[in-house]
Amino acid sequence: MLRINRLSSTLSCVRTAARRHYGAPSAALATDPRNDKTIHLTQSRGVNVIHDPLLSKGTAFNLDERERLSIRGLVPPRQQEMDKQLLRVKRNLDACETPLAKFVFLSALQDRNETLFYKLVIEHLEELSGVIYTPTVGLASQRSHSIYRRSRGMYFSSQDRGAMSAMVYNWPHDEVDVIVVTDGSRVLGLGDLGANGMQIPIGKLSLYVAAGGIRPRAVLPVVLDVGTNNEELLNDPLYLGMPHRRLDGEEYYSFVDEWVTAVKSRWPNALIQFEDFKYPHAYNLLNKYRKEIRCFNDDIQSTSAITLAGILASLKARGKKQEDLSDERIICVGAGSAGVGVCEGIIDCMVAQGRVKSREDAYRRVYMLDQHGLLGNPDLPSENSTDAGAVGNRAPLDERQSCYVKSDLPDRLNLEQVVERVKPSVILGLTGIRGVFTEKAIRTMAQHHERPVVFPLSNPDTHAECSAEEAYRWTEGRAIFASGSPFKDVVLPNGKIGRTNQCNNSYSFPGLGLGVTVSRATHVTPNMFLETARAIADLATPEQLKEGILFPGVQQLRSVAHAVGTRVCEVAYEEGVATARLKEGELLEDVVKSSMYTPEYVPLVYHQHH
C-alpha cells in the first residue's frame with residue numbers, strides 16, 4: 001500500500017467535516033469555539049435559506065438557527081431531525097406507483113433539500129440507483145420536456161456563440177470539481193434526444209455524489225444544445241431545446257471548443273466527463289482534449305473499465321487467472337464508440353499482461369460486428385448473398401474500427417455464423433438494439449463452453465441484446481450473465497438461482513472522479529482505467545464468484561468508489577500527474593475516505609459579507 005501524507009492546504013482543511021458534509025469552500029467554514037463543531041457561514045437569510053437546496057434542512061433547523069437566520073415562524077415549529085424526515089420522504093416515495101413518478105418525486109426532493117436527498121439515496125442505493133439512473137432515467141430523458149419543473153445545471157446553445165466565456169460566471173459556485181457534459185446525440189440506447197439529454201448528466205452527478213463522495217456544491221451538469229435531428233422533438237411545442245437540426249462539421253467542433261475554453265478559464269481544475277456523444281464525435285473530442293485538460297469519455301473509457309472488470313472477474317469465476325485473458329475468444333456486437341472503446345480496453349489489458357506478442361496479436365482475439373455483420377475481408381467469398389444482414393452499404397471504417405477487420409474471414413458474416421466459426425467464450429452487446437443475441441448463437445456458444453460469458457450491455461433494459469431469463473434458458477442455466485441495466489435473478493428449473501450482474505459504469509466513474517479530484521491529477525491516463533478494472537475485478541469474494549456474482553452489490557457502490565479512488569490516486573502519483581501536495585504519515589486510502597462527502601446537517605451561521 002502506498003503510504004503518503006494528508007493532502008495539505010486545499011485538502012487538509014476542506015477535507016474535514018466540511019468537505020464531507022456541506023462541501024463548501026474553506027472560506028465559508030469555521031469552528032464554533034463553544035462546541036468545537038464545524039459550522040457553515042452563509043450570507044443568506046430568511047426564505048433564501050429555506051429555498052436553497054444546499055442550505056435547507058427542512059424541519060431540522062434548531063431554534064437558535066431559526067432566530068439567527070430570520071426563519072422563525074417560516075417553518076413548522078416542531079424540530080424534526082433527519083431520521084424523521086427520511087421516514088416521511090420514504091413513505092411518500094413508496095406511494096408513487098411508477099418508476100417515472102418516483103423519479104419526479106426524487107427530483108423535487110433534490111431541488112429543495114440536497115442533504116436529505118443524498119442521505120435517502122445512500123441508505124437505499126440498490127433500490128434508488130435504478131430510479132435516478134438506468135433504467136428510469138431513459139424514460140425521464142424521453143419525457144424531460146413534459147416533466148420539467150425547475151432548472152438544474154447549465155445549457156449552452158447555438159444562440160450563445162460568442163457569449164460562453166461570460167455565461168460560465170452565471171453559475172453561482174466558484175469551486176467545481178466535476179462537470180458532466182452531453183450534446184444529447186446518443187442518449188443510452190435511445191438515440192438523439194437533444195436538450196432532453198440533460199437528465200443524463202444530472203443522474204451521473206447524483207451518483208458521483210452518492211457513490212463517489214464528490215461534494216454536491218462542486219458538480220455541474222451541462223448540455224451543449226447544438227440542435228436535434230429528432231423530428232418528434234422538433235415538432236413538439238413543449239420541447240425546450242433549440243428547434244433546428246444539429247450543427248455538424250467545423251461549426252460543431254468550434255462550438256464545443258468555445259465551451260471548453262470558457263470552462264477552462266473559470267474552472268481550470270475541473271474534471272470534464274463527456275457523456276452520450278455519438279460516434280465519431282465522441283472519439284474526435286476525446287482525442288482533441290485528452291492531453292489539454294482533465295477529461296475522459298464515459299461511454300468509451302468507463303464502459304471499457306467496468307466491462308473489462310466483468311471479464312476479469314468471470315475468469316476467476318471459471319477457475320482461471322486474470323492473466324488468462326489473452327486465451328479468450330471475444331465477440332463484440334456493436335462497432336460504435338462504446339463497442340470500440342470497450343474492446344480497446346480489453347486490448348490494452350492483454351498487452352499490459354504481456355501474454356501476447358504485439359497489439360496486433362491481441363486484436364486477433366476480438367471479433368467485431370456492426371449492423372451489417374462481421375468486420376471481415378470483403379475479398380473473400382461471402383456466405384450472405386441472400387442474408388438481410390448483408391443488405392445496405394457500410395460507411396467506410398475509420399482507423400479504430402479497421403484494427404478489428406479479420407482478413408481470414410468473409411465480410412458481413414452474421415452473428416450465428418461468426419459464433420459457429422469462432423466458438424467464443426465471451427459475447428458482448430453494445431448495439432442499443434433489443435434481441436440482437438439470438439437463441440441459436442447463444443446455444444452454440446454453450447455447446448463449446450461450460451460457462452459461456454454473456455454480457456448484453458445496452459441501456460435501458462428494454463434495449464438489452466437479450467434478457468437474463470433468455471441467457472439462462474438458452475445455456476441450461478450455465479451462463480455468467482451481466483447487463484448494463486438491472487435484471488432480477490432467475491430461478492432455474494432445478495431450483496437454483498441464476499445470478500445477474502449489473503455491469504454498469506456506476507461501478508467505475510464515481511471512484512475514478514474521486515481519485516482524480518483528491519489527487520488533483522492534471523490528466524486522466526489510460527492506466528487509470530486499466531487499474532480501475534483490476535481493482536473492481538478483485539472485490540467479489542470467492543464464494544460470490546462461485547455463484548456467478550462478479551461484483552459487490554449496488555448497495556456497496558461507496559466502498560467500490562473508495563477502493564477505485566484509492567487506486568486511481570496511487571496511479572496519479574506513480575505516473576507523476578498528481579498535483580495535490582503531500583506530507584508523510586498517512587495511508588492514501590484514509591485520505592480518500594475522509595475526503596468523501598457524507599450527507600449530514602451542519603450548524604448554519606449568518607455571516608454578513610464586508
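Visitor: At roughly what angle do the axes of helix α14 and helix α15 cross?
Guide: This is a predicted model, where local features need pLDDT of at least 70, side-chain atom pairs count only at pLDDT 80 or more, and totals for chains, interfaces and linings use all residues. Numbering starts from 1 along each chain as its sequence is written, and side-chain values use heavy atoms, without hydrogens and water. Helix α14 spans residues 249-266 and helix α15 residues 281-289. Their axes come within 12 Å and cross at roughly 45 degrees.

Visitor: Which residues in α15 do Y252, Y253, V256, D257 and V260 in α14 meet?
Guide: Contact means heavy atoms within 4.5 Å. Those α14 residues, Y252, Y253, V256, D257 and V260, meet H281, N284, L285, K288 and Y289.

Visitor: Which domains does the assignment give?
Guide: The bounds come from an automatic or database domain assignment. The chain holds domain 1 (150-293), domain 2 (301-379 + 396-506) and domain 3 (507-595).

Visitor: How far apart are the C-alpha centres of domain 1 and domain 2, and how much area do these domains bury between them?
Guide: The C-alpha centres lie 30 Å apart. Buried area is the accessible area (1.4 Å probe) that two parts lose on being put together, summed over both. For domain 1 and domain 2, 53% of that area is on carbon and sulfur atoms, and the total is about 1,100 Å².

Methods
Axes are lines fitted to C-alpha atoms, for helices over the stretch in contact, and angles run from 0 to 180 degrees between N-to-C directions. Helices (H or I, at least four residues) and strands (E, at least two) are DSSP runs, numbered from the N terminus.
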